Amino acid sequence: MARQRSGAATREAIRAAAARLFRDHGFAGTSVRDIAARADIDPALVIRHFGSKELLFLETVRLTIDDEPLLDVPLDSLGRRFIEVLLDSGEDIRGVYLALLRGSGNPQIADRLSASHETAFVEPLRRRLPGADADVRARLAGALVGGLLYALWVVGDEHLIAVGRDELVSRYGALLQQLLTPVPTGTTGTPGATAPTSPRPTAAPRPRR
């Protein structure tokens with residue numbers, strides 16, 4: 001039998017139940033009845049308080065990363081630190097990322113995934129980066145990081161996982177740093193790359209006597 005609760009307590013119970021189920025089973029794998037059963041309420045109350053499963057998902061599942069560690073390091077250490085923050089962020093971030101990804105076929109959830117990418121990855125990086133192309137570099141860096149998360153958390157690449165946290169931080173951090181470091185004005189190419197040198201002029205052969 002469902003418990004008798006106040007409206008505020010019922011809403012909070014629904015939110016807590018939904019947050020856990022969405023993280024564990026994703027959007028498609030969680031039903032309104034599942035949420036109601038976990039919250040010990042009638043399923044009709046879920047719809048009464050939140051309108052739909054989609055709106056409840058958007059209310060409870062948010063991808064946020066504490067960007068304070070990103071503000072405390074020099075720019076030339078930012079790539080390594082960003083990968084450290086992601087890999088050490090715990091199961092909550094992983095669960096939310098997977099829940100959003102699994103529900104991305106829903107237009108409202110796809111919009112939230114796009115917004116989360118902007119606020120959790122692009123914006124913290126853009127605030128730290130100098131240069132006129134900071135926005136482009138932040139977006140390229142976000143795409144690079146997204147590839148790592150997909151390989152680790154969606155594909156579950158066993159060979160990549162076996163590399164270990166420290167080596168991933170070192171190698172992927174260095175790769176990310178290339179995008180974060182601004183290219184000096186008047187040069188092109190990868191930061192740190194050696195500029196091509198012009199060939200020395202060849203002396204004209206001396207005529208034979």
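A polar contact here is a pair of N or O atoms within 3.5 Å; within protein, one of them must be able to donate a hydrogen and the other to accept it, and residues adjacent in sequence count only if both atoms are side-chain atoms.

## What you are looking at

This is a predicted model, where local features need pLDDT of at least 70 and side-chain atom pairs count only at pLDDT 80 or more, while totals for chains, interfaces and linings use all residues. Residues are numbered from 1 along each chain as its sequence is written, and side-chain values use heavy atoms, with hydrogens and water left out.

The chain has ten helices and zero strands (helices are DSSP runs of H or I with at least four residues, strands are runs of E with at least two, and numbering starts from the N terminus). Of its 209 residues, 35% count as buried; buried means under 20% relative accessible area, exposed means over 50%, and partly exposed is in between, with a 1.4 Å probe and protein chains only. The accessible surface is about 12,500 Å², and carbon and sulfur atoms hold 53% of that (areas come from the Shrake-Rupley method with a 1.4 Å probe, and for residues only the protein chains shown count as cover).

How much of the contact count comes from residues 24 or more positions apart? Among contacts in the chain with a separation of 6 or more, such pairs make up 69% (contact means heavy atoms within 4.5 Å).

## The annotated stretch and helix 3

An unreviewed UniProt entry carries the annotation "DNA-binding region" for residues 31-50; positions are given in the numbering used here, feature names are shortened, and annotations may be inferred rather than shown by experiment. In the model, that span is 80% helix and 0% strand, and its end C-alpha atoms lie 14 Å apart.

Now for the loop between helix 2 (32-39) and helix 3, where you'll find Asp40. Asp40 isn't a glycine, yet it has a positive phi of about 60°. It counts as partly exposed, because its relative accessibility is 26%. Next, Asp42 caps the N-terminal end of helix 3 (residues 43-50), with a side-chain oxygen 2.8 Å from the backbone nitrogen of Ala44. Just after helix 3, Gly51 takes a positive phi of about 90°.

## Helix 5, tucked inside

Is helix 5 (residues 78-87) largely enclosed or largely open? Seven of its ten residues are buried, so the rest of the structure largely encloses it. The buried ones are Leu78, Gly79, Phe82, Ile83, Glu84, Val85 and Leu86. Their cover includes helix 7 (107-128), helix 8 and helix 10 (165-180).

## Thr60 in helix 4

Thr60 sits in helix 4 (residues 53-60), and it is buried because its relative accessible area is 9%. A polar atom of the Thr60 side chain lies 3.0 Å from the backbone oxygen of Leu56. Which residues does Thr60 contact, leaving aside its neighbours within four places in sequence? They are Arg15, Ala18, Ala19, Phe22 and Arg23.

## Charged pairs

Side chains of opposite charge can pair when their charged atoms come close. Across the whole structure, a search finds 15 salt bridges, each one a side-chain nitrogen of Lys or Arg within 4 Å of a carboxyl oxygen of Asp or Glu. One of them joins Asp24 and Arg20 at 3.5 Å, N to O. Both residues lie in helix 1 (residues 7-25), four residues apart, about one turn of the helix. Asp24 counts as partly exposed at 42% relative accessibility, and so does Arg20 at 34%.

Arg126 takes part in two bridges worth a look. Its closest N and O atom pair with Glu123 is 2.3 Å apart, and with Asp135 the figure is 2.2 Å. Arg126 and Glu123 both lie in helix 7, three residues apart, about one turn of the helix. Arg126 is partly exposed, with a relative accessible area of 23%; Glu123 is partly exposed at 25%, and Asp135 is partly exposed at 29%.

Tyr150, Val154 and Val155 make a nonpolar surface patch of about 270 Å². Patches are made of residues with over 30% relative accessible area and no salt bridge; like charges are joined within 9 Å, and nonpolar side chains (Val, Leu, Ile, Met, Phe, Trp, Tyr) within 5 Å. Val155 lies in helix 8 (residues 134-155), and it counts as exposed because its relative accessibility is 54%.
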